[in-house]
Amino acid sequence: MTDAHPTVRPDRRAELAAGLARVRARIADACSAAGRDRSEVVMIAVTKTYPASDVLALAGLGVTDVGENRDQEAAGKAAEVAAAGATPRWHFIGQLQRNKCRSVVRYADVVQSVDSVRLARALDAAAVAGRDRPLDVLVQVSIDGDPARGGALPDSADPDAGLGPVAEAVAGAQRLRLAGLMAVAPLGWEPERAFSRLAEIAGGFRAAHPEAVALSAGMSGDLETAIAYGATHVRVGSALLGMRSTLR
């Protein structure tokens, strides 16, 4: 197998190791404060704009889950990481255009941003044509109901964008597996308000789909609150990898 981090500088690997230790400690403390087991929360390293060498270094440090936002960047990065012998679990977490589905299904293990019936159908068709195993899907839900920011609408009967119809489209798909929900705290909302509302939405969602227990919520600045309200996955970028402009 190829060296796990062939191009990473030793000082960069040390930076990543230090960031990882800090984030892991924050997650452990948040789980303890919430009375939850640490094993219940998965950290997703959001590596958008960072090089494949960082992904390889993180994999060497024990990181198992990686998130990307843009197919144009993620497809090549995933191929480079695979060629180097690392096999993280890739999460596609950005807004997904239907014409990118055929590319995304080739490398993603999870798509966290399905928010319409049309997108669910396009993703399923791509998965049927391009995969030999099911693709895990999280339905992105809008906490504040603003259709402009993406996310299925929790209290809407909209046949394309309502949370119920989107979830049913994923659950009934041939090559998709409904795994749970993803959300982003709305701009201007305090984390506690956002994630308490999300917990309410998730409760109703799980009543209808009891196997779909994943809840992806919380980022570098608000992961503690997200964990307090039941997040099973937190998406961490800057707290782990630093600001992009500091990289040489």
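Buried means under 20% relative accessible area, exposed means over 50%, and partly exposed lies in between, with a 1.4 Å probe and protein chains only.

The structure before you is a predicted model, in which local features need pLDDT of at least 70, side-chain atom pairs count only at pLDDT 80 or more, and totals for chains, interfaces and linings use all residues. Residues are numbered from 1 along each chain as its sequence is written, and side-chain values use heavy atoms, with hydrogens and water left out.

I begin with confidence. The term pLDDT denotes the predictor's confidence in each residue, from 0 to 100. Its mean for the protein is 94, and 96% of the residues reach 70 or more. Over residues 1–5, however, pLDDT stays under 50. For that stretch the model has eleven contacts beyond four places in sequence, where contact means heavy atoms within 4.5 Å.

Let us turn to the core. Which residues touch the most other members of the largest nonpolar core? Among its 73 residues, they are Ile27, Met43, Val111, Val114, Leu123, Leu181 and Leu240. Leaving aside residues up to four places away in sequence, isoleucine 27 touches Arg38, Val41, Met43, Leu223, Ile227 and Val234. There is also a second, separate core of five residues, including Val110, Leu138, Ala179 and Met182.

Next, the strands and helices. Helices (H or I, at least four residues) and strands (E, at least two) are DSSP runs, numbered from the N terminus. Strand β1 covers residues 42–46, and four of its five residues are buried. Two strands pair if DSSP finds at least two bridges between them. By that rule, β1 pairs in the parallel sense with strand β8, residues 233–236, over four bridges. Methionine 43, already met in the core, stands opposite valine 234 of β8.

Strand β1 also runs parallel to strand β2, residues 65–68, to which two bridges join it. Here alanine 45 has valine 66 in β2 as its bridge partner. From β1 the chain passes through helix α2, residues 52–60, to reach β2, in a right-handed β-α-β crossover. Right-handed means that, with the strands pointing away from the viewer, the path from the first strand over the helix to the second runs clockwise.

How enclosed is that helix, α2? It is largely enclosed by the rest of the structure, because seven of its nine residues are buried. Those buried residues are Ala52, Ser53, Asp54, Val55, Leu56, Ala57 and Leu58. Their covering includes α1 (10–34), β1, β2, α3 (71–83), β3 (89–92) and α9 (238–241).

Most residues other than glycine have a negative phi. Threonine 49, in the loop between β1 and α2, has a positive phi, near 75°. This threonine 49 is partly exposed, at 40% relative accessible area. Just after α2, glycine 62 takes a positive phi of about 100°.

We continue along the chain. In β2, Asp65 and Gly67 point one way, Val66 and Glu68 point the other way, and all are buried. Strand β2 pairs with β3 in the parallel sense over four bridges, and glutamate 68 stands opposite phenylalanine 92 in β3. The chain crosses from β2 through α3 to β3, and this β-α-β crossover is right-handed too.

A further loop lies between β4 (110–114) and α5 (117–130), and serine 116 is found there. Is serine 116 buried or exposed? Its relative accessible area is 12%, so serine 116 is buried. Beyond four places in sequence, serine 116 touches Asp160 and Val166. The C-alpha atoms of serine 116 and proline 159 are separated by 8.7 Å, although these residues are 43 apart along the chain.

Finally, the cysteines. Cysteine 31 counts as buried, at 1% relative accessibility, and cysteine 101 counts as buried at 1% as well. How many disulfides does a search of the whole structure find? It finds zero, a disulfide being a pair of cysteine sulfur atoms within 2.5 Å.

Definitions and conventions:
A nonpolar core is a set of buried Ala, Val, Leu, Ile, Met, Phe, Trp, Tyr and Cys residues joined through side-chain atoms within 4.5 Å.
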